[in-house]
Amino acid sequence: MQFDQDKRGFSFSKEGPLDMRMDTSETVTAKKVVNSWTERELGELFRDVGEEPKWRQAAKAIVRARSKKAIETTTDLAQIVTEAVGGHRKRLHPATLVFQALRICVNRELESMQQGIQKALRFLTSGGRIGVISFHSLEDRIVKTIFKEAAKPLKKFPGKEQLLELLTKKPLTCSMKEQRRNPRARSAKMRFAQKI
């Protein structure tokens, strides 16, 4: 729901302050990251978290633009990135991956996901099931790795069985019908496991 509120600053298609915090009591905003991180730090964020192929160009353009004036709004940032990385991609707006990287960074989404799944597994009772939906390849990799590790027999304790049984070898994805009805679901992947 936060994504649809202009004032929360998640969307490049609606003008709003460059915020992107899910929890507005946190101090780090996208504006702070964009206007204070070095070109190298921004580039690494866009490359590693956003998986933006033109990460160097995006970081360089942001640093150049902010040297003239601070980048304040979502539409300002979207324009800078679009000019730096080129026109529309097949299905993505040119600023999508940069915005995604900033949102993940500001909200520490990958760390939160990892901690959340590990805590959930500790509370899961025998026969209990866990399902996790991810919307990004880095998130899906975290889910896959944690589930896979928990499904291996524990080598340190001979005779000790694995903690989980994988119920989905490959993630479940939505149908074309669902994608048409709910475009945000197109990148969703869901994995299930059961505690033994």
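Trainee: Where do I start with the inside of this fold: which residues touch the most other members of the largest nonpolar core?

Mentor: The general idea first: in soluble globular proteins, nonpolar side chains tend to be buried together. Here the largest nonpolar core has 42 residues, and Phe 46, Ile 62, Leu 77, Leu 102 and Ile 117 touch the most other members. At least two core residues come from each of helix H1 (30–36), H2 (39–48), H3 (55–68), H4 (74–85), H5 (96–106), H6 (109–123) and H7 (137–150), and from strand S1 (129–134). A nonpolar core is a set of buried Ala, Val, Leu, Ile, Met, Phe, Trp, Tyr and Cys residues joined through side-chain atoms within 4.5 Å. Buried means under 20% relative accessible area, exposed over 50%, and partly exposed in between (1.4 Å probe, protein chains only).

Trainee: And what am I looking at, in terms of the model itself?

Mentor: This is a predicted model, where local features need pLDDT of at least 70 and side-chain atom pairs count only at pLDDT 80 or more, while totals for chains, interfaces and linings use all residues. Residues are numbered from 1 along each chain as its sequence is written, and side-chain values use heavy atoms, with hydrogens and water left out.

Trainee: How many helices and strands does the protein chain have?

Mentor: Eight helices and three strands. Along the sequence they run α-α-α-α-α-α-β-α-β-α-β. Helices (H or I, at least four residues) and strands (E, at least two) are DSSP runs, numbered from the N terminus.

Trainee: What does Phe 46 touch, leaving out residues up to four places away in sequence?

Mentor: Contact means heavy atoms within 4.5 Å. By that rule Phe 46 touches Glu 51, Glu 52, Trp 55, Ala 58, Ala 59, Ile 62, Val 98, Ala 101 and Leu 102. Take Ala 59, which lies in helix H3. Ala 59 counts as buried because its relative accessibility is 1%. Besides Phe 46, its contacts beyond four places in sequence are Glu 39, Leu 42 and Gly 43. Its C-alpha is 8.5 Å from that of Glu 41, 18 residues apart along the chain.

Trainee: Over which ring does the charged end of Arg 47 sit?

Mentor: Over the ring of Trp 55, 5.0 Å from its centre. The rule wants NZ of Lys or CZ of Arg within 6 Å of the ring centre and within 35 degrees of the ring normal.

Trainee: Now a helix. Which residues of H7 are buried?

Mentor: Remember that an α-helix has 3.6 residues a turn, so residues three or four places apart point the same way. In H7 the buried ones are Leu 138, Glu 139, Asp 140, Ile 142, Val 143, Ile 146, Phe 147 and Ala 150. Their cover includes H2, H6, S1, strand S2 (164–166) and strand S3 (189–195). H7 has 14 residues and spans 20 Å from first C-alpha to last, close to the expected 20 Å. That expected span is 1.5 Å times one less than the number of residues.

Trainee: What about links between parts of the chain that are apart in sequence?

Mentor: Of the contacts with a separation of 6 or more, 59% join residues 24 or more positions apart. Cys 105, in helix H5, touches Val 33, Trp 37 and Leu 45, not counting residues up to four places away.

Trainee: How much of the chain is buried?

Mentor: Of its 196 residues, 39% count as buried.
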